[in-house]
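Subject: Structure handover

Hello,

Here is the structure I promised you. Please open it first, then read the notes below.

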Amino acid sequence: MAPFVPTGRRAGAVALRPQLLSIGAVLTELQAEFPEVTISKIRFLEAERLVEPQRTPSGYRKFSAADVERLAYVLRMQRDHYLPLRVIREHLAALDRGENPPALPGPGGPGGQGGHGGAGEEPQDTVTTPGPSVSGPRLGRAELLAAAGITEQQLTDWESYGLVAAEGDGGFDGEMLQVARLIAELGRFGLEPRHLRAVKAAADREVGLVEQVVAPLRRHRNPQTRAHAAAMARELANLSVRLHAALVQVGLRARP
């Protein structure tokens with residue numbers, strides 16, 4: 001695999017560590033920033049050819065400092081920007097060539113500046129992959145209105161339909177901001193909250209499907225197993241959303 005140029009907060013640290021690491025040691029390093037990462041997740045990313053560790057004659061994986069930073073970059077892009085693996089792979093390929101990676105989605109969310117769609121490309125990733133979360137503290141109500149560019153009346157209407165909801169402390173997280181932005185964008189096409197009830201119902205059903213798979217793991221006594229359940233839930237959610245978008249695209253193409 002071509003050389004990877006480290007990026008992110010851990011780059012300086014890994015550059016000072018020349019020795020090769022076992023997968024267990026890599027897990028320990030990554031968990032400092034990504035507490036829910038598991039060995040299964042690292043193996044999955046390897047299977048997706050996002051990282052290619054060396055192998056000993058007996059078959060054991062050995063990871064270099066660049067491999068560790070590469071894994072951290074992938075996990076960071078998934079956690080902070082919700083990028084699908086296909087797009088992350090494009091970022092890594094650009095970095096391997098010594099180029100700047102594609103621009104991240106802009107504040108307007110998918111389809112805004114920095115989106116990944118293009119002529120002739122299936123749009124399911126750009127349509128369905130959530131944009132970046134808002135870092136830091138939760139947003140208050142006024143802050144959400146300003147960040148999403150909406151009115152109090154719009155927010156109240158969306159809340160009445162169950163499309164947007166505050167947390168117990170009355171604040172809104174980054175994902176809810178993204179929901180508000182997407183609803184506002186759909187409103188530009190004449191879609192009102194009542195039209196989106198079916199979308200919300202479909203999302204609730206997908207949540208139920210994911211919970212069926214991960215619920216037994218969430219109840220496990222082993223903390224690592226519970227962490228694996230959280231990582232699995234995110235992966236299943238991403239796949240479910242991508243499948244939903246692909247089915248919508250297929251359905252639209254089938255229309256006369």
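Start with a pocket. Ser-40, Lys-41, Phe-44, His-228, Ala-231, Met-232, Glu-235, Leu-236 and Leu-239 line the second largest pocket. On a 1 Å grid over the protein atoms alone, a pocket is an open set of points with protein on both sides within 12 Å along at least five of seven lines, and lining residues have an atom within 4 Å of a point. The volume of the second largest pocket is about 160 Å³; a volume is the space filled by probe spheres (1.4 Å probe) set on the points.

Helix 3 (39-47) and helix 11 are the elements that give two or more residues to this lining. Helix 11 gives the most, with 6 residues. By class, the lining has 5 nonpolar, 2 polar and 2 charged residues. Nonpolar means Ala, Val, Leu, Ile, Met, Phe, Trp, Tyr, Cys and Pro; charged means Asp, Glu, Lys and Arg; the others, Gly among them, are polar.

Two points on the source. The model is predicted, so local features need pLDDT of at least 70 and side-chain atom pairs count only at pLDDT 80 or more, while totals for chains, interfaces and linings use all residues. Residues are numbered from 1 along each chain as its sequence is written, and side-chain values use heavy atoms, with hydrogens and water left out.

Now the helix pairs. Helices are DSSP runs (H or I, at least four residues), numbered from the N terminus.

Helix 10 (residues 197-218) and helix 11 (residues 223-254) have axes that come within 9 Å and cross at roughly 160 degrees. Axes are lines fitted to C-alpha atoms over the stretch in contact, and angles run from 0 to 180 degrees between N-to-C directions. That makes helix 10 roughly antiparallel (over 145 degrees) to helix 11. Their contact (heavy atoms within 4.5 Å) includes Val-210 and Leu-217 of helix 10 and Met-232 and Leu-236 of helix 11. It has 10 nonpolar, 4 polar and 3 charged residues.

Helix 7 (residues 141-148) and helix 8 (residues 152-160) pack at about 105 degrees, with axes 10 Å apart. They are therefore roughly perpendicular (65 to 115 degrees). Arg-141, Leu-144 and Leu-145 of helix 7 meet Glu-152, Leu-155, Thr-156 and Glu-159 of helix 8. That contact divides into 3 nonpolar, 1 polar and 3 charged residues.

Helix 7 also meets helix 9 (residues 174-187). Their axes come within 9 Å and cross at roughly 45 degrees. Leu-144, Ala-147 and Ala-148 of helix 7 touch Leu-177, Ala-180 and Arg-181 of helix 9. Here the classes are 5 nonpolar, no polar and 1 charged.

Best wishes

Methods
Parallel < 35°, antiparallel > 145°, perpendicular 65-115°, else oblique.
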